[in-house]
Amino acid sequence: MKLINDYLSRHGHAPFKFGQGRISGYISATLGILSFLAVLCFHFPEYLTTQELRQVYTEQFARTLLLVALSASFILGLLSFLLNQQKRLSMTGVLFSTAAVIAGGADIQLNSIGETPYSLGLDWFILALFFSALVFIPMERTFAQKPETHTLRPEWRTDLAYFFMSHMLVQFILIFTTSSSSFLVGWVASDFLRDAIQSMPVWAQFLLAVFMADFSQYWFHRLYHTVPFLWKFHAVHHSSKHMDWLAGSRVHLVEILITRSVVMVPLFLLGFSAEALNAYVILVGVQAVLAHANLNFNFGFLKYILVTPQYHHWHHADDPAYAYKNYAIHLPIIDMLFGTFKLPGKEWPKSYGLLNNKTVPKGIVRQHMFPFGYDE
């Protein structure tokens with residue numbers, strides 16, 4: 001028993017307590033690593049950052065955020081070093097922060113950004129992880145539906161790897177989607193329909209885009225659950241036994257490519273404005289995290305209008321009564337229209353995962369091989 005407790009303590013699965021230096025240690029290590037990665041983005045912006053995202057934030061914003069992260073990493077690393085007998089976390093934070101400073105720090109010179117046909121979304125990963133963790137970890141610790149689910153619960157590293165993969169490959173996913181649109185351009189809707197959509201105000205285009213996207217994704221989501229070959233890919237997403245802000249990242253790359261194409265290609269072909277599509281993409285990012293989050297909010301009447309954590313948690317429950325329910329990603333009305341809506345008052349699932357004790361291998365590499373029969 002002592003060995004188990006020692007393992008859980010070392011790997012962060014025991015609950016955090018103030019004064020132990022573990023919280024400050026993990027924050028220091030995380031910020032130190034992210035700071036070092038951010039400096040790499042300044043060194044190689046054309047290869048490590050996405051052009052679309054660079055148009056959203058300014059260079060000064062990135063520098064200020066980097067300075068704050070470096071300062072916090074040093075301070076919290078020192079605090080953890082003083083409080084925690086195990087110095088690994090504090091030393092990780094301080095060493096990576098030091099490396100970031102040596103490599104240029106917040107004052108690093110930024111040369112003109114060259115053009116490259118492809119780039120990785122390292123900046124997108126850094127910003128998304130920083131702000132998602134900043135918002136959702138405190139919320140989940142304060143308003144947890146399952147308080148026993150710790151921030152560093154089992155398999156958090158696997159889900160963080162998925163988070164990293166999907167954000168790093170964001171441009172390649174976008175290229176795949178736009179290529180699919182170009183291939184299907186000959187099937188585009190009539191000019192009359194395109195003109196009608198483009199004449200609508202942006203807010204109306206956004207609402208229509210959300211409904212159309214959810215309608216498309218609803219039916220493909222049902223196929224994922226009923227077609228055996230497709231289910232092998234989707235089973236990876238349902239294999240998580242813990243719901244939190246990071247759990248929604250566990251999605252097989254093939255499923256990401258298929259789903260993004262099914263959802264986005266019609267919107268591209270119908271001529272929705274860039275503003276409406278950008279607003280929809282933001283909604284997808286926020287709701288994907290929120291729907292899986294470990295939050296006990298009831299949301300009142302809004303839970304019948306928008307997909308909420310309780311609604312989507314039941315879709316992930318290892319309960320046969322919900323095996324084919326709550327497919328909608330954004331709008332429960334889609335499930336209502338097709339008879340798959342089910343929400344039991346204020347109750348929440350007791351547990352999550354695959355039915356009938358079925359399993360998916362652990363680890364992002366083995367899980368990506370699983371649908372092809374290489375690791376059953």
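Pro309, Gln310, Tyr311, His312, His313, Trp314, His315 and His316 are the buried residues of helix 15, where buried stands for under 20% relative accessible area, exposed for over 50% and partly exposed for the range in between (1.4 Å probe, protein chains only). Helix 15 covers residues 309-316, and eight of its eight residues are buried. Helices (H or I, at least four residues) and strands (E, at least two) are DSSP runs, numbered from the N terminus. The buried residues of helix 15 pack against helix 11 (202-226), helix 12 (228-238), helix 14 (274-292) and helix 16 (332-337).

The model is predicted: local features need pLDDT of at least 70, side-chain atom pairs count only at pLDDT 80 or more, and totals for chains, interfaces and linings use all residues. Residues are numbered from 1 along each chain as its sequence is written, and side-chain values use heavy atoms, with hydrogens and water left out.

**Chain totals**

The protein chain has 17 helices and zero strands. Of its 376 residues, 44% are buried. The chain exposes about 19,300 Å², with carbon and sulfur atoms supplying 69% of that area; accessible areas come from the Shrake-Rupley method with a 1.4 Å probe, and for residues only the protein chains shown count as cover. A contact means heavy atoms within 4.5 Å. Among contacts between residues at least 6 apart in sequence, 76% join residues at least 24 apart.

Helix 6 (residues 88-102) has 15 residues and should span 21 Å at 1.5 Å a residue; its end C-alpha atoms are 21 Å apart, which agrees. The expected span is 1.5 Å times one less than the number of residues. The buried residues of helix 6 are Leu89, Ser90, Gly93, Ser97 and Ala100. They cover an arc of only 105° around the axis, so they lie on the same side of helix 6; the arc is that of the directions from the helix axis to the C-beta atoms. What covers these residues includes helix 2 (22-43) and helix 5 (59-83). Arg88, Leu95 and Ile102 are exposed on the other side of helix 6. Gly104 follows helix 6 and has a positive phi, near 140°.

Thr259 is located in helix 13 (residues 253-269). Thr259 has a relative accessible area of 9% and is therefore buried. Leaving out residues up to four places away in sequence, Thr259 touches Gln217 and Tyr224.

**Salt bridges**

A salt bridge is a side-chain nitrogen of Lys or Arg within 4 Å of a carboxyl oxygen of Asp or Glu. By this rule the count is six. Three of the pairs are tabulated.

| Pair | N to O distance |
|---|---|
| Glu59 and Arg63 | 2.8 Å |
| Arg153 and Asp159 | 2.8 Å |
| Lys362 and Glu155 | 3.4 Å |

Lys362 is exposed at 55% relative accessible area, whereas Glu155 is partly exposed at 21%. Both Arg153 and Asp159 are buried. Arg153, Glu155, Asp159, Asp244, Arg250 and Lys362 are linked in a network of salt bridges.

Glu59 and Arg63 are four residues apart in helix 5, so about one helical turn separates them. Glu59 is partly exposed at 39% relative accessibility, and Arg63 is buried at 14%.
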